[in-house]
Amino acid sequence: MRKKLILAAAGIAALMSGTAMAQDPLKIGMITTLSGPAGYLGQDIRDGMLLAIEMEGGKLGGVPVELVVEDDGLKPGNGRQIAEKFMGDEGMKLLTGIVFSNVAGATVPDIVNNDAIYISPNAGPSNLAGAECNKNYFVVSWQNDALHEAAGAAAKKLGFKKAFVLAPNYQAGKDAINGFKRTFGGEIIGEVYTQLDQTDFASEMAQIRAADPEVVFQFHPGGLGIAFLKQYAQAGLTGQIPMVLSEPSTDAVVLNAVGDGAIGIFATAHWNRDFENDANLEFVQAWDKKYGRPITYYASQGYDTAKLIASALAKTGGVDDLDKFREAVRAADFKSVRGDFKFGKNQHPVHDWYLLDIVAGADGKPTAVTKDKLLEDYGDAYADQCKM
Amino acid sequence: MRNRILALLLICVLIALPTITRELGEASLLALATRILIYGMAAASLNFILGYGGMVSFGHAAFFGIGAYVVGILATHHASGEPLFGIIPGTDQMLVTLPLAVLVAGAFAAAIGALSLRTGGVQFIMITLAFAQMLFFLFVSLKAYGGEDGIIISRTNALPGLNMRDKATFYYVVLAIAVLFFFGLRRLTQSSFGTVISGIRQNERRMAALGIPAYRYKLYAFILSGMGAGLAGALMANFLRFASPDMMHWTKSGELMIMVILGGVGTLFGPFLGAGAFLILETFLAEWSENWPFALGLILLVVVLGTRGGLQALIDRVTALVRGGAK
Amino acid sequence: MILVLEQILNGLQYGVMLFLLAAGLTLIFGIMGVINLAHGSLYMVGAYAGTYVAAETGSFWLGLPAALAAAAVTGLAIEALVIRRLYNRDHLDQVLATFALILMFNQIIVMLFGRSPVFTLLPAAFDGSVEILPGLFYPPYRLLIIGAGLLVAVGLYFLINRTRIGMLVRAGSTNRDMVRALGVDIRLLYTVVFGLGALLAGLAGYMAGPILAVQVGMGEQILLATFVVVVIGGVGSIRGAFVAGIALGVIDTCLRAFLPGLLRNVMPASEADALGVGISSMGIYLLMALVLLIRPKGLFAAGS
């Protein structure tokens, strides 16, 4: 009884001091993966967002914000639990941060059906991009398949006709190879599915050498990709058979861990450190000053997500009117560090993809250098299925 | 008598929980409680063979995952309208999906158990793990059902007359099932069947000498345990509205085992305690620091080194001490 | 033919890695009766410590003693602080305690070295690949691993069969209680065995560095395969760990390399690929299930 009284009193006090309430920072919930081998992905996305907030003095679009971060441990159930807490207990209306598609699959539908906005800084799984698209769901990064479609386009543009493709034997791996094939158009002379937890690729190296393709495309996330590139170099294949990679295989952390073995690879990306637009120059400079470690594209996506939120908050001043806020996000009225950016019909990005060369930088370490534009205003294969 | 009062009190608290959490403004605790009940059932199922029967299954998440996939696959076919294998129509009725999940999990448990129970000891641990991993790889490569990304279930299974979208309603459904499950399990362990299972753990040869076919009894226990895990998995798929292969990954089997050991092996209520302690620690430590796995590890280590027999034993000892002091 | 030979070499190299890890695990298991899930953490500690020293000094070879020392010291510390209290306890308590250690070690590595995988040096003399037979190019670093693994195997053979410690180890893995009853300082023996196991894990971890990714959680990736080797070989048997490790390495590699191709001769390509990958990724588990159904105690079970 007493408790209720106090609650009621607090409620009245809150009503009367409406102006004081507005001063409280807007809470943005971030569900992300910080533990385990993939922890650096979540860490970079978070740090990218924090950087943007800090550069505006704790505000986004003039509105004071507080980023509440929690680790999902790469467990879908935990992601769901955190979302529930953010929305139910803390009344948050704006969530972001999920790194992996399987966590997104368990968490995002619950968020968007609960009248909250979810803005993805990384995962863009196909099962949320097509018929299941939602007005409350935005993706700033990319649709998963587009990553590999860019690699296929690169292989085509570079004039390769015969490709050998490899990916782990799971859905994302198969999507990667299908994405590559969709834009490549040449002949696939070898298609190998590796085991999900396989770390030794010597047997695949021998198969590649025996098949003697013009180009190799492979998609192995995180540590597996690092192992693959090291072993490719040790097998003496780097330099003999060119390799085209999609973005996740060549982030700055991977390049750093692989070392010399990465030099000479063709990479594809929607963002690279050396982009010369003003937004990116400012971002790179601020990042180097604050963190001093290699910038990954994950960080750029976190930063872009924060900037997108800032552009919407600048128009609406808050998220109390969800319809207005949603409209403002959809307008995408911000300067992305990747250059041109707009949302497609399914609220996934429409942007450009680039071809990068991996060369030895000034310090001898491998560095990605932008070479060419591959695809212009490129959306994704699922937008047409979205009825919105 | 004392226990009965405690149990009554606990049930009252559990019934009042949705109201309590709402008043406290911590509605997400209800979701946590739902998860604890579901994992508690899975852990208690494992404990039935592990604690009572002495069969250490390191692949129990397989049955949990199968239960979840039965719900997921039926929901997929219900949404698309195409029958499974061309004959079995999909459905979103919980009265159909839950029993079916239990039966399918039981069928898998029968096959896996029949082979695994030819071994014992460490070999049994590893062979159950092997079968679970094979199923994990199978579901990872099932493109039609999302593969690694899993199945998104668009809505919770329906129960006639209830609004299952309401979180409190769903919690009460889970609570009712958990209470029935708990009392069923209690009867089972006290039945002659349960006594035989415990007897086999203590001395298989003696039971055989008494003319009891140990293998067959162990297999029955294994199947029942698999069915329990399947039930929990089906409820979890309904709760998350999602089913994915990582529900049957070996780390999930390990987690179930950790819950059992943490709570107290071979105790009736221990697995629920263990599931509660593990999930609560995980949730609140993650909120507190990003280095939470270290703290979780430290706490688990202290518990295992400091208590013999898990939390249940600790509580028993404390209550005995209090009672002794009161005398 | 060349391809087959190369794949067998690959399998041998993978098998040797598995053996280095399994040798320690099987001794700890067989002699001390302890299920040590944290064995993979020792592998990770070796990899990180060695890589760190190698990066600081610029020399791969200086990293090696650092890796061995770090893993051994960590192993001895775990033994003294945690494992020693668990000898007379249920296997399940050991599982929980060593699982807790995994969580702690992974997070300690994150706190010390950050979350990103780290770069590992390859000794310059072993970079690239050489032609060991006409038409067969092979990375010399992998030959180094095979050589080191075989050397360790020979060393362990002499240690186990020709020394007093080895005698105790053999006796311990056959009948633990009898050794204790004979008045042998069993505690010292346990410490030695655990330290040795940790040392081998550290060696494996450091040698894997240049081939794989040195990252948090790398130990758990290989832990399962190691347990499979231990169980197939027979708990407590070094010989079993060697035979099972090599066999598993070669079979696993050859299945992956040749099964899809073979199946393609009898069925359409896409189905052959799917089936081939499916069978080969389940390969080691299928193999284990088969072995255990025929020989429930493994191939070379001690004391049988």
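Two residues are in contact here if their C-beta atoms, placed from the backbone, lie within 7 Å.

## About the model

This is a predicted model, in which local features need pLDDT of at least 70 and side-chain atom pairs count only at pLDDT 80 or more, while totals for chains, interfaces and linings use all residues. Residues are numbered from 1 along each chain as its sequence is written, and chains are lettered from A and ligands numbered from 1 in the order in which they are written.

## Chain C as a whole

Let us start with chain C. Among its contacts with a separation of 6 or more, 78% are between residues 24 or more positions apart. Chain C has twelve helices and two strands; helices (H or I, at least four residues) and strands (E, at least two) are DSSP runs, numbered from the N terminus. Along the sequence the order is α-α-α-α-β-β-α-α-α-α-α-α-α-α.

Along the principal axes, the C-alpha trace of chain C spans about 65 × 50 × 35 Å. Buried residues make up 58% of the 304 in this chain. A residue is buried if 20 or more other C-beta atoms lie within 10 Å of its own, exposed if 12 or fewer, and partly exposed in between, with C-beta atoms placed from the backbone.

## A buried leucine in chain C

For a local view, take C:Leu203, which sits in helix α8 (residues 186–208) of chain C. C:Leu203 is buried because 25 other C-beta atoms lie within 10 Å. Leaving aside residues up to four places away in sequence, C:Leu203 touches C:Leu20, C:Gly46, C:Ala67 and C:Leu68. C:Pro65 is 138 residues from C:Leu203 in sequence, yet the two are 9.0 Å apart in space, C-alpha to C-alpha.

## Chain B and its helix α5

Chain B contains 13 helices and two strands. Its radius of gyration is 20 Å, in agreement with the value near 20 Å for a compact globule of 327 residues. The C-alpha atoms of chain B fill a box of roughly 65 × 60 × 40 Å along the principal axes. Of the 327 residues, 53% are buried, and residues 24 or more positions apart supply 76% of the contacts with a separation of 6 or more.

Helix α5 (residues 121–140) of chain B has 20 residues and reaches 29 Å from first C-alpha to last, close to the expected 28 Å. That expectation is 1.5 Å times one less than the number of residues. The helix α5(B) is mostly covered, with 17 of its 20 residues buried.

## Strands and loops in chain A

In chain A, strand β1 (residues 26–32) is mostly covered: six of its seven residues are buried. β1(A) runs parallel to strand β3 (residues 63–71), to which seven bridges join it, and A:Leu26 stands opposite A:Val65 there. Two bridges also join β1(A) to strand β4 (residues 94–96), again in parallel, with A:Gly29 opposite A:Leu95. Strands pair in this sense if DSSP finds at least two bridges between them.

Two loop residues deserve a look. A:Leu74, in the loop between β3 and α4 (76–89) of chain A, has a positive phi near 60° although it is not glycine. A:Leu74 counts as buried, with 22 C-beta neighbours inside 10 Å. A:Asp212, in the loop between α8 and β9 (215–218) of chain A, has a positive phi of about 50° and is not a glycine either. With 12 other C-beta atoms within 10 Å, A:Asp212 is exposed.

## Where the chains meet

Between chains A and C, 30 residues of chain A are in contact with 32 residues of chain C. The elements giving two or more residues to the chain A side are α3 (39–55), β8 (187–194), α8 (202–211), α9 (222–234) and α10 (252–258). The largest share, six residues, comes from α9(A). By class, this side has twelve nonpolar, 14 polar and four charged residues. Ala, Val, Leu, Ile, Met, Phe, Trp, Tyr, Cys and Pro count as nonpolar, Asp, Glu, Lys and Arg as charged, and the others, Gly among them, as polar.

Between chains C and B, 31 residues of chain C are in contact with 29 residues of chain B. On the chain C side, α4 (91–113), α9 (218–233), α11 (269–281) and α12 (283–294) each give two or more residues, and the largest share, 14 residues, comes from α4(C). This side of chain C has 24 nonpolar, four polar and three charged residues.

Note on methods. The radius of gyration is taken over C-alpha atoms; the globule rule is 2.2 Å times the number of residues to the power 0.38.
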